[in-house]
Amino acid sequence: MAELTITFLGTGTSQGVPVIGCECAVCGSVDPRDKRSRSSIYVQSPECSWVIDTGNDFRVQCLREKIKRLDAVVYTHSHTDHIMGFDDLRVFCFSGKKIPVYASPETMKDLKRVFNFAFNGENMFPGYILPEPHEVEGAFMLGNTELVPLPVKHGRAHVNGYLLSRNGRRLAAYLCDCKEIPDAVIEQIEGTEILIIDALRRRPHPTHLNVDEALEIAGRVRPGQTWFTHLCHELPHEETEGTLQPGVRIAYDGLKLEA
Ligand SMILES: [Zn+2]
Ligand SMILES: [Zn+2]
Ligand SMILES: [Zn+2]
């Protein structure tokens, strides 16, 4: 078995693709890789499994990928496209099991505000969600995988990307929403086997990396493979991938990577 299997639950930007009411070529595309639900990954290791983010499409993504096991949830930030599937975690709390939730103190504060009913300790009926909050202040372990938070800037929001390492090997870095990546983070993830990075569209955007900016970062990180995610409807899968250099690909919903 691979040390880590990463399944892309979603690869879309906040509105998802197709966009409601849009008649553009990508929104009308018949290529299944052009259907992008809200960005999230499911990670399986030999010891345990977790998701990074639970967006609006979380329930449908779990059904599509037939997810039966989830031992923890890790959040990047509290934008709605990353947290709104939170309540559907309840199925992983059956028989009174608590689900560990990892987030920065800032993101945890938002989760506790938005989902107060889940954190206030009053909902103890069977079948309700039972989160066990863990504020991320530094590296932590899920099974034998080390998760190192990677603080990046995404407009006014502070986002934690994550580096996933096992036995000292940098297996994957996940940077789903970002505009600025500090040099210290580039150093931490340099040479990782897999880089998954925000590449919203070709045009510049105030809070997301575009394709050229993501390529520039990838050139500095020098990963084994680069996968673009958090994509909008301006990037047709097939056509865009054809313009990228070898080793740089466009992720799509349902894609599985092994490291
Ligand atoms: Zn997002
Ligand atoms: Zn469109
Ligand atoms: Zn965001």
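Helices (H or I, at least four residues) and strands (E, at least two) are DSSP runs, numbered from the N terminus.

Some ground rules: this is a predicted model, where local features need pLDDT of at least 70 and side-chain atom pairs count only at pLDDT 80 or more, while totals for chains, interfaces and linings use all residues. Residues are numbered from 1 along each chain as its sequence is written, chains are lettered from A and ligands numbered from 1 in the order in which they are written, and side-chain values use heavy atoms, with hydrogens and water left out.

Here are the two sites, with donors taken as N, O and S atoms within 2.8 Å of the metal (3.2 Å for Na, K and Ca); water is not among the atoms, so sites may look incomplete.

| Zinc ion | Protein donors | Donor distances |
|---|---|---|
| ligand 3 | His 77 (NE2), His 79 (ND1), His 154 (NE2), Asp 177 (OD) | 2.2 to 2.6 Å |
| ligand 1 | Asp 81 (OD), His 82 (NE2), Asp 177 (OD), His 230 (NE2) | 2.0 to 2.2 Å |

The 4 donor atoms of the zinc ion (ligand 3) make angles of 88 to 173 degrees, and the site is irregular. That label is what's left over: four donors are tetrahedral if all angles lie between 85 and 135 degrees, while four are square planar and six octahedral if opposite donors are over 155 degrees apart and all others between 65 and 115. His 79 is partly exposed at 33% relative accessibility, and His 154 is buried at 3%. Buried means under 20% relative accessible area, exposed over 50%, partly exposed in between (1.4 Å probe, protein chains only).

For the zinc ion (ligand 1), the spacing is D-H-x94-D-x52-H. Its 4 donor atoms subtend 88 to 165 degrees, so that arrangement is irregular. His 82 in helix α2 and His 230 in the loop between β12 (225-229) and α7 (237-241) link parts of the chain 148 residues apart, and both are buried.

Last, the largest pocket holds about 200 Å³ of space. Its lining has 18 residues, with Thr 13, Ser 14, Gln 15, Leu 200 and His 205 nearest the centre. A pocket is an open set of points on a 1 Å grid over the protein atoms alone, where a 1.4 Å probe fits, with protein on both sides within 12 Å along at least five of seven lines; lining residues have an atom within 4 Å of a point.

Note on methods. Grid points are joined across faces, edges and corners, and a volume is the space filled by probe spheres set on the points.
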